[in-house]
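Subject: Structure handover

Hi,

Here is the structure I promised to pass on. Please open it first, then read my notes next to it.

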Amino acid sequence: MTADAALPEDGSEHAAEEFADEAEAPRPARRRLWWPAALAAALALALGVPALVASGTSASGSASVAVPADDSPEAGFARDMATHHQQAVDLSFIVRDRTGDDATRTLAFDIINTQANQRGMMMGWIDQWGLPQHSTAKPMAWMRMDHDYQAHDGSLMPGMATNTQLAKLRSLSGRDAEVYYLQLMIQHHKGGVEMAQGYVDLARNDAEKRLAQSMVVAQTSEVQLMTDMLTERGAAPGVPAS
C-alpha cells in the first residue's frame with residue numbers, strides 16, 4: 001500500500017517562512033545547479049492548469065485523459081512520485097540544520113522548493129480527478145511490470161532512504177552530514193528518474209508526461225552535480241552499509 005507521507009519532523013510545512021531570509025540574501029553561484037531546478041519548477045507551474053482540463057485528442061493526435069481511472073498510470077505515477085518527492089524534501093530539511101556549507105544548503109533549498117511544488121501539483125491533479133489520494137495498490141504497480149523491490153524500514157520504492165538512514169543523517173553534522181546527504185540524494189534521484197521515465201513510456205496525459213520528462217532531465221543533471229560535490233569532499237557515490 002502506498003503510504004501517506006508524514007509531515008517531516010524538521011518543519012517542511014513552514015518551508016516558505018524558514019527559507020525567506022536565505023532566498024532574499026545573495027548566494028554564491030553553483031555550476032550546473034540553478035537551471036535544472038528552475039526548469040522543473042517553471043514547467044511544473046506552466047503545466048498545472050492544462051493537465052487539469054485536458055480532454056479529447058491533442059493536436060499531435062495523442063490521447064489526453066481528462067479523468068484517469070484509479071488504477072491508471074496517470075493516477076499511480078502522481079501518487080507514488082508525490083510520496084517519493086516528500087522524502088526528498090524531508091532529507092533536505094534535515095541537512096539544512098546540520099551544515100553551514102553554502103553549496104549544500106543551496107542544493108537543499110532548490111530541492112525543497114522544486115519537489116514541494118511538484119508534489120502539490122500532483123496531489124492537486126488527483127483531487128481534481130476525483131480520485132482518492134492514496135491507493136491499496138502496491139507502489140509502482142501502475143508501471144505494469146514486475147518489480148522485485150521489497151518495501152522495508154520505511155523505504156517504499158527504489159531510491160528511498162530507510163528510517164535507519166534518516167536517523168543516521170539526523171545524527172551527523174558538518175562534512176559528514178553533507179557527504180551522507182549527497183549519497184542518499186543521489187540514490188533517491190536515481191530511483192525518481194527510473195519512475196519518471198517509466199511514466200513517460202506509458203503516458204496518456206500530455207501535460208503530466210511533460211512534467212515527468214522535466215524530472216528526468218533535472219534530476220539526471222543534479223546527480224552529476226552531487227557526484228562532483230562528493231568528489232570535492234573526498235567521497236564517492238554509494239550509501240555505506242548502516
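This is a predicted model: local features need pLDDT of at least 70, side-chain atom pairs count only at pLDDT 80 or more; totals for chains, interfaces and linings use all residues.

**Salt bridges**

Side chains of opposite charge can pair when their charged atoms come close. How many salt bridges does a search of the whole structure find? The answer is seven.

Start with Asp70 and Arg79. Their side chains form a salt bridge, with N to O at 2.4 Å. Is Arg79 buried or exposed? Arg79 is buried, because its relative accessibility is 4% and the cut-off for buried is under 20%. Asp70 is partly exposed, at 36% relative accessible area.

Next, look at Asp97 and Arg96. A salt bridge joins these side chains too, at 2.7 Å from N to O. Arg96 has 7% relative accessibility, so Arg96 counts as buried. Asp97 has 45%, so Asp97 counts as partly exposed.

Then find Asp176 and Arg175. Their salt bridge has an N to O distance of 3.7 Å. Here Asp176 is partly exposed, at 44%. Arg175 is partly exposed as well, at 40%.

There is also a network. Salt bridges link Asp101, Glu178, Glu232 and Arg233.

Go to helix H5, which covers residues 102-128. Gln118 lies in this helix. Gln118 is buried, with a relative accessibility of 1%. Which side chain does Gln118 touch in a polar contact? The partner is His85, and the contact is 2.7 Å.

**Two helices side by side**

Two packed helices are described by the angle between their axes and the distance between the axes. Take helix H4, residues 73-96, and helix H7, residues 174-202. Their axes come within 10 Å. They cross at roughly 170 degrees. Angles over 145 degrees count as roughly antiparallel, so H4 and H7 are roughly antiparallel to each other.

Which residues make the contact? On H4 they include Pro73, Phe77, Met81, His84, Leu91 and Val95. On H7 they include Ala177, Tyr181, Leu184, His188, Met195 and Leu202. Glu178 is also one of the H7 contact residues, and Glu178 belongs to the salt-bridge network above. By class, the contact has 14 nonpolar, six polar and three charged residues.

Best wishes

Note on methods. Residues are numbered from 1 along each chain as its sequence is written. Side-chain values use heavy atoms; hydrogens and water are left out. A salt bridge is a side-chain nitrogen of Lys or Arg within 4 Å of a carboxyl oxygen of Asp or Glu. Buried means under 20% relative accessible area, exposed over 50%, partly exposed in between (1.4 Å probe, protein chains only). Helices (H or I, at least four residues) and strands (E, at least two) are DSSP runs, numbered from the N terminus. A polar contact is a pair of N or O atoms within 3.5 Å; within protein, one must be able to donate a hydrogen and the other to accept it, and residues adjacent in sequence count only if both atoms are side-chain atoms. Axes are lines fitted to C-alpha atoms, for helices over the stretch in contact, and angles run from 0 to 180 degrees between N-to-C directions. Angles under 35 degrees count as roughly parallel, over 145 as roughly antiparallel, 65 to 115 as roughly perpendicular and the rest as oblique. Contact means heavy atoms within 4.5 Å. Ala, Val, Leu, Ile, Met, Phe, Trp, Tyr, Cys and Pro count as nonpolar, Asp, Glu, Lys and Arg as charged, and the others, Gly among them, as polar.
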